[in-house]
Amino acid sequence: MSDILIEYWDDKKLIGTFKKSGDENKIFRDVYNKNRELRYCDRSYFKIKNEEDQQRYFEWINKLSRQTRFDMYYGNDEVE
């Protein structure tokens, strides 16, 4: 069980910070999916506030299989 602080940014302006609690893998997947949803919103993104948590997030992404990353990006093989 983890508590991770997540920031929401709009361009260079911090809009808000909130805490997600639960399984770290689920939190990381949620952050990834939220950023994926924002990919067409000009310069808006979610960022993990704590540098150590952010590093674990990047390590988590890099450990995923290519197929898993593809499925997460394209929504289970449904190309938008």
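Guide: Buried means under 20% relative accessible area, exposed over 50%, and partly exposed in between (1.4 Å probe, protein chains only). This is a predicted model, in which local features need pLDDT of at least 70, side-chain atom pairs count only at pLDDT 80 or more, and totals for chains, interfaces and linings use all residues. Residues are numbered from 1 along each chain as its sequence is written, and side-chain values use heavy atoms, with hydrogens and water left out.

Visitor: Which residues of α2 are buried?

Guide: Helix α2 (a DSSP run of H or I, at least four residues) covers residues 51-63. On the other side of α2, E51, E52, N62 and K63 are exposed. The buried residues of α2 are D53, Q54, Y57, W60 and I61.

Visitor: Within what arc do the buried residues of α2 fall?

Guide: The arc is taken from the directions from the helix axis to the C-beta atoms. Seen down the axis of α2, the buried residues line one face of the helix, because they fall within an arc of 115 degrees.

Visitor: Against which elements do the buried residues of α2 pack?

Guide: Contact here means heavy atoms within 4.5 Å. The buried residues of α2 pack against β1 (2-10), α1 (24-37), β3 and α3 (66-74).

Visitor: Is S44 buried or exposed, and what is its relative accessible area?

Guide: S44 lies in strand β3, residues 44-48 (a strand is a DSSP run of E, at least two residues). Leaving aside neighbours within four places in sequence, S44 is in contact with Y8, W9, D10, D11 and L38. S44 is buried, and its relative accessible area is 12%.

Methods:
Expected span 1.5 Å × (residues − 1).
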